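Here's a quick tour for anyone about to work with this structure. Have the sequence and the 3D view open as you read.

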Amino acid sequence: MNNYKISNLSFSFIVLCLINSSLLGMVFPYLVRTSNNSILYSLGISFILGFIILFVFLKLFNYEPDKTLTEKINYFFPKPIAIVINIIIDLLFFLMVIIIFWRFSTFISSEYLTETPSYLITLLLASPILLAMLKDFDIAARCATIIIIGVLILLIFSRTTLFTYIKIDNFKPIIFNLKDSVKGSGVLTILQLMPLFTALNIPKNKIINNTKTTRSLIFTYMFSFSIISSMIITIVGVMGINTASLYSYPSYVVLKNISLLNFINNIENFSVIFWIMFMSFTCAFTLYSIKVSISKTFNINSNKVLNIIILILFSIFIGLILFMIPYENFINKFKDAYVIIPFYIYSLLFVIFILISLFSKLKPRC
Amino acid sequence: MKKIIIVLIVIFLTTGCFNYRELNDLGIVTAIGISKEEDEFILDVQLVNIIEAGKNGISESPITVITGKGKTIFEAARSLNMKSSKIFFISNLEYVLLDKSVLTSDIEQVLDYLTRDTRLPLNFLVVATTDNKPKDILSALSQFDINSASNLSNILKLSENRYGETYSLTIKDMLDNYLGGMTNIVYPNIALTGDEKELADTDNLKTSDSDNYVYVKDLIYVKDDKVIELNKDEAFGYNFINNNINNGTITCECDGGYFTAETLKSNFGYKDNLKNNEMIINGNIEVEIVSYNCKDKLGNTKVTEKIANQISDEIKKYVENSIENAENNNSDFIGVNSYIYKNNNKYFNSNNKWANEDNNLSFKYNIKTDIVKQGNLRSDI
């Protein structure tokens, strides 16, 4: 890890990229179908629940500001236990990055490159991720800045265009169904915010003016939630709940309604780029975070050894994705496995992080 | 050096040339027709021919229509490859024409085919034909546009916006209506006059007074495997209730002749008073007098008020007619049940659905017309 420091804004951009990564392929299709007419209630509940996760994150983030997550765990626990915890966390994050990337490559192959072999798509999409994971977090911050600038332009353009197609009637009837609302909001909160914990591998003191980081994180969360709300409002308002529930990627299909000057059609392929960027970024950043964690857990200081580990990790990553692609339809259909599995993985991670934050209270600061 | 190697790899490997298709290999599909015969779907595909129009117009047909058959619509589509050397490009689809035979029984399969394919847009039109075969309509050449598919979709959009008797149904709206499950889907019904063979002949384009053309006949919906047509008044009523009209034309009789008003703004909506089993239809319309041949002087404010009331009454008559049609056929194509479901869910769940014989919902009308323009003239001639 180098001595480069990033600004609060750059850190917020990284956070923004991470917490939007699971929305297109996982959260939205499930949320629309499960919450159905209670979707607005789900949004409200999720907004409040999000602060709980944010609180746990900030608790860990603010503790021992010069340490990465792995170093904090090494500090809290005896060495053998710390190694086990670190390996479990890395493994769970690794599983998540596989699921995110799998959804990413199946999205590309089903919507754009229907006749291109899956392995080619996977390799093509994975190569920039490999390149990015080799770099440090300062490069990630620069990438996130570029992504967010592009995303904001596309987002403002697509949302303002789509807002004109919204029919208020499509939101009706607004029915409060406790079970549906809680299910939808639980998935939205967990899948939206849990990738954020990979950012714990950036020590707080690597952020310039870090006394303001907590405030900027809360603003970032609120800003991100306003983006999500605008997405949900446009999906439901333009397509209607019934039609939106029908599609695998409603947030992509809704973009098909946009036509510029009434004759430039099919620009959804361009507008959807921001989702692709979020997903690529999160995959790269999570793998980077795992790389940092491995090096800290096992005290690997040699670049050569680390690069070999990265290559092994990356090969397993590619191998698993290629193995999973033929089962796309099965995993999609089987009891919403594409959402339920990540939900359980992230929930387990959340429990681990709560326990770690509780342990942090027992251990005096150094 | 490393960077140069990466740039070179990117240049040579990410050119998009993998699995590419030349434009000449593509058959650009502008319209398709779907019908059913003896348990098999028949798919008629209209392809655009890239031709050059000479000084004296065109000598060869700008379109080609080919037909495939299959147990499913997709199979019928793929069977076309036995007849054509082109790979079909469907992203530019203008409209889909549904025959009576699929309207009554296979609409689910049609919707599945039209929405499952990721390459299809969501804004192409869906039209029906009850009097002709889809192939005859697809083969018809247009005198107004070299691309007959865009000619028909423009006819639909124009007649919806500038006349009011028809409307353009997009696949998205059709899917919405179907999945809602409460409203019968209303289709524009296309027909052709004259001889279908002459219509498909380029010679038909050489004459200035041809009687052969494709036109929008009326609006239809399907109830219990039966196709029900809406007459002109009912179609106007349906379009007013659903706010499909931009510039509708309303002609009323008056002392000495007729006058015509063009709607400039029309905003309709339901309100309910379900405690008293009553639905209220509110309408606010702004019109311009575009033709006036009556004895009463238009400059008089009492006369303009009288005319405005007459227009309101005429529109009320249209709406009443469409409601009557729905009640007579026990079908809800004007969206009353959908409104009640969305706005008064309790009532919807505990009462009989509207348009059933045992539902006693009554309608009240509150339609207000404002004359905001009279054209160039201050009064009348």
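The notes below go from the chain contacts to the domains and then to some local backbone details.

## Before you start

Keep in mind that this is a predicted model.

## Where the two chains meet

Let's begin with the contact between the chains. On one side there are 14 residues of chain B, and they're in contact with 16 residues of chain A. Two helices of chain B, α7 (171-180) and α11 (336-343), are the elements that give two or more residues to the side touching chain A. Of these, α7(B) gives the most, with 4 residues.

## Two domains in chain B

Chain B comes in two pieces: domain 1 covers 18-230 and domain 2 covers 233-373. Their C-alpha centres lie 32 Å apart.

How many residues of each domain are in contact with the other? It's 19 residues of domain 1 of chain B against 21 residues of domain 2 of chain B. On the domain 1 side, α6 (148-162), β8 and β9 of chain B each supply at least two residues, and β8(B) gives the most, with 4 residues. By class, that side of domain 1 has 8 nonpolar, 6 polar and 5 charged residues.

## A pair of aspartates with positive phi

Now for the loop between β8 (213-223) and β9 (226-230) of chain B, where B:D224 sits. B:D225 is in the loop between β8 and β9 of chain B too. For B:D224, phi is positive at about 50 degrees, although the residue is not a glycine. B:D225 also isn't a glycine, and its phi is a positive value near 60 degrees.

Are they buried or exposed? B:D224 is exposed because it has 9 other C-beta atoms within 10 Å, where 12 or fewer is the cut-off. B:D225 counts as exposed as well, since it has 8 C-beta neighbours inside 10 Å.

In chain A, take a look at the loop between α7 (137-163) and α8 (178-193), which holds A:P173. The peptide bond from A:K172 to A:P173 is cis, with omega near -5 degrees.

Back in chain B, B:G299 is found in the loop between β12 (278-292) and α10 (301-328). B:G299 has 12 other C-beta atoms within 10 Å, so it's exposed. B:G299 and B:Q374 are 75 residues apart in sequence, while C-alpha to C-alpha they're 9.7 Å apart in space.

Note on methods
Residues are numbered from 1 along each chain as its sequence is written. Chains are lettered from A and ligands numbered from 1 in the order in which they are written. This is a predicted model: local features need pLDDT of at least 70, side-chain atom pairs count only at pLDDT 80 or more; totals for chains, interfaces and linings use all residues. Two residues are in contact if their C-beta atoms, placed from the backbone, lie within 7 Å. A residue is buried if 20 or more other C-beta atoms lie within 10 Å of its own, exposed if 12 or fewer, and partly exposed in between; C-beta atoms are placed from the backbone. Domain bounds come from an automatic or database domain assignment. Ala, Val, Leu, Ile, Met, Phe, Trp, Tyr, Cys and Pro count as nonpolar, Asp, Glu, Lys and Arg as charged, and the others, Gly among them, as polar.
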